[in-house]
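Subject: Structure handover and findings

Hello,

Here is the structure we talked about. Please open it and keep it beside you as you read.

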Amino acid sequence: KAKEFGGNAYAFFTQAMGLKYQSDLTLRNQLQVAIENRRLEVFYQPFVDLKSEQIIGVEALARWRDNEGNWVPPDVFIPLAEHTGQIMPLSALILEKAISEIAQYIAHPNFVLSINLSPKQLQSGHLINQVTELAQQYKIPFGKLQFELTETMIVDDAKSAFKQLAELRTLGCKIAIDDFGTGYSSLSYLNDLPADIIKIDRSFTRRVLTDSASHPVTEAVISMALGMNKSITVEGIERAEEAEYFAKRSCQAAQGFYYYRPMPLEQLIEVIEQETT
Ligand code: C2E
Ligand code: MG
Ligand code: MG
Ligand code: MG
């Protein structure tokens with residue numbers, strides 16, 4: 001392979017960068033058409049009460065197939081859309097699809113729809129209007145809507161973020177801090193965290209059974225969240241023993257492949273109907 005590039009590291013580098021750029025441009029154009037044609041889909045991953053294992057809500061996760069029909073991971077197209085500005089129309093589309101699709105199931109007691117936010121949405125100021133209009137149109141109480149954001153999103157643009165989050169909470173929406181514990185940010189801001197729920201990141205869950213040296217930090221994170229009066233959702237539960245560990249330590253809710261994987265709406269409907277019969 002190195003011969004193709006004449007053994008020239010520089011030539012190799014530029015060629016590789018060129019390919020990456022080209023493929024990003026192709027992806028970006030395909031994503032543009034997909035957004036315009038409302039071809040993005042929403043998958044739903046339930047989260048459960050840790051004790052009863054009953055579904056207490058679902059997280060909406062964006063899904064997209066490129067022109068060849070291959071799924072593009074959200075970890076690829078979400079950052080791309082954030083970079084190009086396409087994240088605003090993309091987010092609006094996902095928000096509307098999720099709310100309209102879930103509206104009729106949200107009547108179940110204790111059932112919450114959780115939506116991932118991107119930093120741009122917190123900066124723009126449109127979010128409150130979007131949420132208010134959709135909630136009215138689909139007759140959804142604000143208390144049934146939850147928004148997930150990461151620590152860094154709040155810290156990076158504290159003023160505008162705090163204001164919008166406060167408004168959402170005043171309406172009655174829930175705020176969850178996603179991937180908690182991975183932001184490496186100062187602990188001092190935790191006092192003012194405008195949130196109701198802490199989602200403990202999968203990187204903690206993954207180590208619980210295999211690495212007892214990780215327990216002190218995991219337990220500190222839990223007691224910090226409980227001490228701040230936040231409810232805890234544990235991410236990435238893949239085994240019963242992991243669930244047990246967190247249930248013993250007063251965590252309330254859990255999400256992960258052990259319970260449910262993200263699934264299309266039709267499958268979610270079956271799961272919900274099975275659970276209630
Ligand atoms: P996230 O919000 O932390 O979502 C959870 C991710 O962890 C999902 O990946 C889910 O499939 C995966 N997951 C859940 N349980 C398990 C488990 O037990 N084991 C393992 N290995 N993985 C698990 P997904 O769907 O690929 O999403 C990746 C990220 O993309 C999300 O992380 C979120 O940050 C972002 N994202 C997805 N949809 C949207 C969206 O509509 N808007 C925005 N702004 N971001 C989104
Ligand atoms: Mg999330
Ligand atoms: Mg998460
Ligand atoms: Mg994550």
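Which residue forms a salt bridge with Arg-239, and how far apart are the closest N and O atoms? The partner is Glu-241, and the closest N and O atoms are 3.7 Å apart. Keep in mind that this is a predicted model. Glu-241 is partly exposed, because its relative accessibility of 41% falls between the 20% and 50% limits. Arg-239 is partly exposed too, with a relative accessible area of 45%.

Start with the magnesium ion (ligand 2). Four residues coordinate it: Glu-59 (OE), Asn-116 (OD1), Glu-148 (OE) and Asp-178 (OD). The distances run from 2.0 to 2.3 Å. Along the chain, these donors follow the spacing E-x56-N-x31-E-x29-D. Glu-148 and Asp-178 link distant parts of the chain. Glu-148 sits in strand β5 (residues 145–150), and Asp-178 sits in strand β6 (residues 174–180). They are 30 residues apart.

Are these two buried or exposed? Glu-148 is buried, with a relative accessible area of 1%. Asp-178 is buried as well, at 8%. Both values count as buried because the limit is under 20%.

Now look at the magnesium ion (ligand 3). Asp-178 (OD), Asp-179 (OD) and Glu-235 (OE) coordinate this ion, at 1.9 to 2.5 Å. The donors follow the spacing D-D-x55-E along the chain. Asp-179 lies in strand β6, while Glu-235 lies in the loop between β8 (231–234) and α10, so the pair ties together parts that are 56 residues apart in sequence. Asp-179 is partly exposed, with a relative accessible area of 25%. Glu-235 counts as buried, at 10% relative accessibility.

Which residue coordinates both magnesium ions? That is Asp-178. The magnesium ion (ligand 3) and the magnesium ion (ligand 2) are 3.7 Å apart.

**Salt bridges**

How many salt bridges does the structure hold? The count is 8. One of the pairs is Arg-169 with Asp-196, whose side chains meet at 3.0 Å, N to O. Arg-169 lies in helix α7 (residues 158–171), and Asp-196 lies in the loop between β6 and β7 (197–200), so the pair ties together parts that are 27 residues apart in sequence. Arg-169 is partly exposed, with a relative accessible area of 32%. Asp-196 counts as partly exposed, at 23% relative accessibility.

Next, find Arg-249 and Glu-219. Their side chains meet in a salt bridge at 2.8 Å, N to O. This pair also links distant parts of the chain, 30 residues apart. Arg-249 is in the loop between α10 (240–248) and β9 (253–254). Glu-219 is in helix α9 (residues 215–227). Arg-249 is partly exposed, with a relative accessible area of 27%. Glu-219 is partly exposed, with 31%.

Salt bridges link Glu-59, Glu-148 and Lys-199. Glu-59 and Glu-148 are also among the residues that coordinate the magnesium ion (ligand 2).

Go back to strand β5. Leu-149 lies in this strand. Leu-149 is buried, with a relative accessible area of 1%. Leu-149 and Ile-115 are 34 residues apart in sequence. In space they are 8.9 Å apart, C-alpha to C-alpha.

**A negative patch on the surface**

Finally, turn to the surface. Which residues gather in a patch of negative charge there? They are Glu-41, Glu-266, Glu-270 and Glu-273. Helix α11 (residues 265–276) gives the largest share of the patch, 3 residues. Glu-270 lies in that helix. Glu-270 is exposed, because its relative accessible area of 51% is over the 50% limit.

**Where to look**

For the salt bridges, begin with Arg-169 and Asp-196. For the surface, begin with helix α11 and the negative patch.

Best wishes

Key
Residues numbered from 1 in each chain as written. Chains lettered and ligands numbered in written order. Predicted model: local features only at pLDDT ≥ 70, side-chain atom pairs only at ≥ 80, totals over all residues. Heavy atoms only, no water. Patch = residues over 30% accessible without salt bridge, like charges linked within 9 Å, V, L, I, M, F, W, Y side chains within 5 Å. Areas by Shrake-Rupley, 256 points an atom, 1.4 Å probe, with all protein chains shown as cover. Salt bridge = Lys/Arg side-chain N within 4 Å of Asp/Glu carboxyl O. Lys, Arg positive; Asp, Glu negative; His and termini not counted. Charge placed at Lys NZ, Arg CZ, Asp CG, Glu CD. Helix = DSSP H or I, 4+ residues; strand = E, 2+ residues; numbered from the N terminus. Buried < 20%, exposed > 50% of the residue type's maximum accessible area, 1.4 Å probe, protein only. Donors = N, O, S within 2.8 Å, 3.2 Å for Na, K, Ca; no water.
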